[in-house]
Amino acid sequence: MEIYKLNIPELSKLIKNKELKISEIVEDCFKRIEKLEPKINAFITILKEQAIEKAKKLDSNIETSKFNFIFGIPCTIKDIISTKNIKTTAGSKILENYIPPFNAEVVEKLLNANAIILGKTNLDEFAHGSSTENSAFGPTRNPWDLERVPGGSSGGSAAACALRFGWYSIGTDTGGSIRHPAGLCGIVGLKPTYGRCSRFGLLAMTSSTDVPGPLTKTVEDAAIVLSQIQGKDIKDSTTAKIKSKDYYTFILKHQNKIKNLKIGIIKEFFQEGLDSKIKEHLENAIKIFEKLGAKIKEVSIKTAKYGIAVYYIITPSEISSNLARYDGIKFGYAEKNASDLSEFYNLTRAKGFGAEAKRRIMLGTYALSKGYYDAYYKKAQKVRALLIQETEKVFQEVDILLAPTSPSFAFKIGEKTTDPLKMYLEDIYMMIASLGGYPAISIPCGFSNENLPCGMQLIGRRFEEEIILSAGFAFQEATNFHKKFPSIMF
Amino acid sequence: MKLSKKEVEHIAKLAKIKLTEQEKEKFSKELSKILDYINILNELDTNDVKPKIQVTETFNEGREDKIIKFEEISALLKSAPKVENNFIKTHKIK
């Protein structure tokens, strides 16, 4: 049986009926990890012993435990999410040996449902980046072409999913960090609505946009994982007092009902800067949606072009505040040769942080400093308000928006590292969902002539994840992109 | 928008990150370029616009003032580089 080909519902059924042991599934994953991980570097920490032990325990406990789709299914967690007693580095030297004494809320929810964690995945340091090249532990390589980036910042998570190192990974998305690597690695990446899932236990990057969410091979798997990790948490006061939903049941029920779904094509995103092959795939995707009965409409979001500028003031500003806690006193790297407190802070942070982290802290410190706060931070928040106003108007005419995920296919490692601004512009299509807190999903929609994947983004109204999931599921069932695996696996 | 070396040094001082001479040079160039790009925001008239700080529409969520015992003191202290008599120890200010 080719276990890696099965999706979560199929795998779960076999576990429940005892046709497949969880230990066999975990063993199957580690065989693949042992073979491929040296070429990929998807992991910072691999938890083989713990995973095998847990699998054995669960195998002897299937009748008596509370069974659901998450039970016994192996997964990975991006290393910016706290895991109790398991090293959590944020991809940074400053937390190289940090061991959290608690679980992030989303991890706690998964462990309560008996998920099995195979390891902690690689990322751009503190989620700063779109290529995973900013990791202090080496870049992750794209499983479809080892000379290329997997995207970022959840590159390790995306590569792991693409190679079936587990059936889902929990990543974080601030400016596209789930969606971007999902697009470049040919998998599904879902950024939930801001407030849908608790940020408690995430090593904070940008508090007003950070969101944890699933990366998976298929849309239904993403729906299942979202159902498990959602929910109000008093430990994160930005989580919404909103009813939890069963997204999987919803998309199955609405499988053939996307007739009359109004899809808005954001015209500003289909102009120059978008790779022509990706554009072709998106145009085909639009035709597929039309065939399925959806109503397509061209919409305009003029403020979208300012998204990157807004984001790269707000983000560094909040980062400069959030990263002030890395001072070597309560946890993390501590400089040993300092004569006083000031020197201690300065050297700890100089040696612990990588270049991009320093760059963003500096930019943010400047934008928030006396004399500049109004011109930069406040101005950015005003343009953010305009962007949201314009998007809300558009959502009165259409139900979901369709956009590209990235402007190009996966680029080569090192290609964009000399120009920070060039790297920032990778996220050009991400900003509406990030700055407005809208749910957004990237779904595989085609390949380049060199067999590199690309994704299509569907963006929904706040708290309407089930709508983008249904649309995505309908598209997936009408195509075969999600069935392809990187040839390196065989 | 060119950031001078002096301005970069001032920012580094606020951020408490010691920079090498090379880094000061590099950041001066890179940050200036980014700030130049960000200037496009001035194309928009935002005089009558209220800033959008966060998207949740909620503010200052309180909870019951109830004492919940915290059991993880030793776990927290384990993370600290220098501990003495259940206190976290650090350098003198000067």
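Analyst: Helices (H or I, at least four residues) and strands (E, at least two) are DSSP runs, numbered from the N terminus. The model is predicted, so local features need pLDDT of at least 70 and side-chain atom pairs pLDDT 80 or more, while totals for chains, interfaces and linings use all residues. Residues are numbered from 1 along each chain as its sequence is written, chains are lettered from A and ligands numbered from 1 in the order written, and side-chain values use heavy atoms, without hydrogens and water.

Just after H4(A), Asn114(A) has a positive phi of about 65°.

Leu110(A) is also touched by Tyr168(A) (contact: heavy atoms within 4.5 Å), whose other partners include Ile8(A), Pro74(A), Ala115(A), Leu215(A) and Val225(A). Tyr168(A) is among the residues with the most contacts inside the largest nonpolar core, which has 175 residues; such a core is a set of buried Ala, Val, Leu, Ile, Met, Phe, Trp, Tyr and Cys residues joined through side-chain atoms within 4.5 Å. Apart from that core lies another, of 6 residues, including Phe344(A) and Tyr345(A).

Strand E6 of chain A leads on to Ser208(A), in the loop between strand E5 (188–191) and E6. Ser208(A) is buried, at a relative accessible area of 5%. Its side chain makes polar contacts (N or O atoms within 3.5 Å, one able to donate a hydrogen and the other to accept it; residues adjacent in sequence count only if both atoms are side-chain atoms) with the side chains of Glu318(A), at 2.8 Å, and Arg384(A), at 3.2 Å. Ser208(A) is also in contact with Ile53(B) and Gln54(B).

That brings in chain B: 67 residues of chain A are in contact with 52 residues of chain B. The count between the two chains is 6 salt bridges (a side-chain nitrogen of Lys or Arg within 4 Å of a carboxyl oxygen of Asp or Glu). One salt bridge joins Glu30(B) and Arg359(A), whose closest N and O atoms are 2.7 Å apart. Helices H10 (307–322) and H13 (374–397) are among those of chain A that each supply at least two residues to the side touching chain B. H13(A) gives the largest share, 11 residues.

How values were computed. Buried < 20%, exposed > 50% of the residue type's maximum accessible area, 1.4 Å probe, protein only. Lists of a residue's contacts leave out its neighbours within four places in sequence.
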